[in-house]
Amino acid sequence: MDTIRNYVESVFVNLPRTPEMQQLKEEMLRNMEEKYFELLDTGKSDNEAVGTVLAEFGNIDEIMEAYDLESQEEQDDDQIYFSREEADEFMQHRTKFAMGIAAGVFLCITAPAVLLLIQGLYQLFPAWQSVSSDTIDIFSVVPLLLMIAVAVGIFVNLGMKEDEYKLDYRAIKLENATRSYLQREKQEFQPRFAKAITLGVVMCILAPAVLLFSMLFLGEENGLSVVFLLSFIAVGVFLFVFYGILYSTYERLLAQGDYTPEKLKAEKASENVAGVVFPIAAGIYVLSGFLFDTWSTAWIIFPIVGILFAIFTAAYSSYLTMKQRGKK
Amino acid sequence: MVTSDVMRGFNSLIILSILMKQDSYGYQISNLIKEKTHGAYIMKETTLYSAFNRLEKNALIQSYSKPETKGKTRTYYKITPLGIEAYFEKLVEWEETQEIIQQFVKGEK
């Protein structure tokens with residue numbers, strides 16, 4: 001009899017827990033119970049009786065259709081469903097997003113390099129000395145400001161487009177076909193990702209070497225060596241940002257890594273906690289400063305709260321993951 | 001053994017015909033069907049209850065609970081005047097269906 005009860009419970013588990021469904025379940029269970037005992041009375045073995053009763057139960061989809069129900073899984077509000085088209089569109093948007101953010105960061109790093117380049121060239125070519133240094137200052141600062149303005153424009157624009165997706169902290173859910181196709185794409189992307197990150201690291205290590213090398217030739221006073229340093233770093237960081245965002249997009253779509261439902265839930269919770277805990281810490285610091293003149297010592301509260309907060313986040317995240325594993 | 005696909009259109013007719021004679025409840029109805037057909041057609045539990053739901057939604061039957069032994073109650077179904085009307089309509093429909101199919105398969109056995 002337990003087998004029958006467990007079976008019916010497991011079938012109803014995805015249905016909404018309304019009184020109507022509860023009643024239906026009880027009713028069906030009772031019918032099955034009666035049938036089971038009647039079968040035993042006719043001399044059937046326990047196994048045969050259970051088998052017959054379960055075989056005559058039918059398909060729960062019929063009930064869902066008749067009652068216009070959606071399974072509980074689809075109503076889950078910490079997950080959001082993406083069709084193949086939506087997933088492709090999201091991927092396209094993220095590719096643009098990655099390119100834009102990486103280019104913006106590149107501009108921000110190279111902006112001071114351009115300033116130094118113009119001033120360095122000014123020092124290098126004596127022919128330009130007829131121009132006053134004030135004019136050169138203006139001509140070197142304007143490109144810097146322009147580049148930063150373009151970068152900020154890109155950041156704001158892309159940030160607003162990103163908000164349109166309203167993912168909040170929900171994990172993305174895909175159909176199996178879409179999932180396996182994205183999984184394949186991610187596998188193809190992986191070696192390119194590894195190469196790009198390696199190249200980025202190499203660029204960043206080379207950067208100070210180039211700086212030192214150019215100082216040998218140009219002398220310590222010349223700003224041009226810093227231009228070389230910044231250019232190498234800019235290329236390296238561009239690679240990190242661009243490929244990093246693309247990689248995280250695959251993880252986002254496939255709900256892997258930092259984007260599993262549990263991780264996202266933990267992130268949401270820790271953001272809420274941070275919104276309360278850190279202002280309180282700041283309040284205590286200010287208050288105790290005014291009341292007890294502890295300005296020079298009470299700052300210790302910030303690292304303490306920070307560490308406790310990090311512990312809480314890590315613990316809560318692993319708790320949710322363990323709970324999920326337990327369920328499976 | 002008849003497939004449930006073929007029977008789909010006739011489940012409500014069968015249930016209505018049983019309720020024409022007397023009020024009844026789920027298990028009794030499925031038992032009656034099994035007995036009358038000598039096990040040739042067994043209505044699945046879910047088929048039965050989704051049919052009840054549809055019939056009740058269309059006001060062809062009405063459910064009420066009736067206390068039974070040991071303080072438990074059971075859901076009984078009763079055919080409504082609208083349901084009786086629908087039963088006779090479906091009966092005509094069934095006769096027409098038979099005639100149509102007969103035109104094609106007569107004497108083919």
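The contact between the two chains takes 17 residues from chain A and 12 residues from chain B; two residues are in contact if their C-beta atoms, placed from the backbone, lie within 7 Å. This is a predicted model, in which local features need pLDDT of at least 70 and side-chain atom pairs count only at pLDDT 80 or more, while totals for chains, interfaces and linings use all residues. Residues are numbered from 1 along each chain as its sequence is written, and chains are lettered from A and ligands numbered from 1 in the order in which they are written.

On the side of chain A that touches chain B, helix H2 (19-41) and helix H4 (60-66) of chain A are the elements that give two or more residues. Helices (H or I, at least four residues) and strands (E, at least two) are DSSP runs, numbered from the N terminus. H2(A) gives the most to that side, with 7 residues. By type, the side of chain A that touches chain B divides into 8 nonpolar, 3 polar and 6 charged residues. Here Ala, Val, Leu, Ile, Met, Phe, Trp, Tyr, Cys and Pro count as nonpolar, Asp, Glu, Lys and Arg as charged, and the others, Gly among them, as polar.

Let me stay with H2(A). Its 23 residues should span 33 Å at 1.5 Å a residue, and the end C-alpha atoms are 33 Å apart, which agrees; the expected span is 1.5 Å times one less than the number of residues. Which residues of H2(A) are buried? They are A:Leu24, A:Met28, A:Asn31, A:Met32, A:Lys35 and A:Tyr36. A residue is buried if 20 or more other C-beta atoms lie within 10 Å of its own, exposed if 12 or fewer, and partly exposed in between, with C-beta atoms placed from the backbone. The buried residues of H2(A) pack against helix H1 (2-12) and helix H3 (46-55) of chain A, and also against helix H3 (26-36) and helix H4 (45-57) of chain B. After H2(A) comes A:Gly43, with a positive phi near 95°.

Now chain A as a whole. It has 11 helices and 2 strands, and buried residues make up 20% of its 328 residues. Of the contacts in chain A with a separation of 6 or more, 77% are between residues 24 or more positions apart.

Next, the cores. A nonpolar core is a set of buried Ala, Val, Leu, Ile, Met, Phe, Trp, Tyr and Cys residues joined through C-beta atoms within 7 Å. The largest one has 29 residues, of which A:Ala102, A:Val227, A:Leu230, A:Phe238 and A:Phe242 touch the most other members. Helix H6 (84-124), helix H7 (133-163) and H9 of chain A each supply at least two residues of this core, and H9(A) has the largest share, 14 residues. Leaving out residues up to four places away in sequence, A:Ala102 touches A:Phe238, A:Val241 and A:Phe242. Apart from this core lies another, of 26 residues, among them A:Ile63, B:Ile33, B:Leu48 and B:Leu60.

One more residue in helix H9 (residues 224-254) of chain A is A:Arg252. Why is A:Arg252 classed as buried rather than exposed? Because 21 other C-beta atoms lie within 10 Å. Leaving aside neighbours within four places in sequence, A:Arg252 is in contact with A:Ile172 and A:Tyr259.
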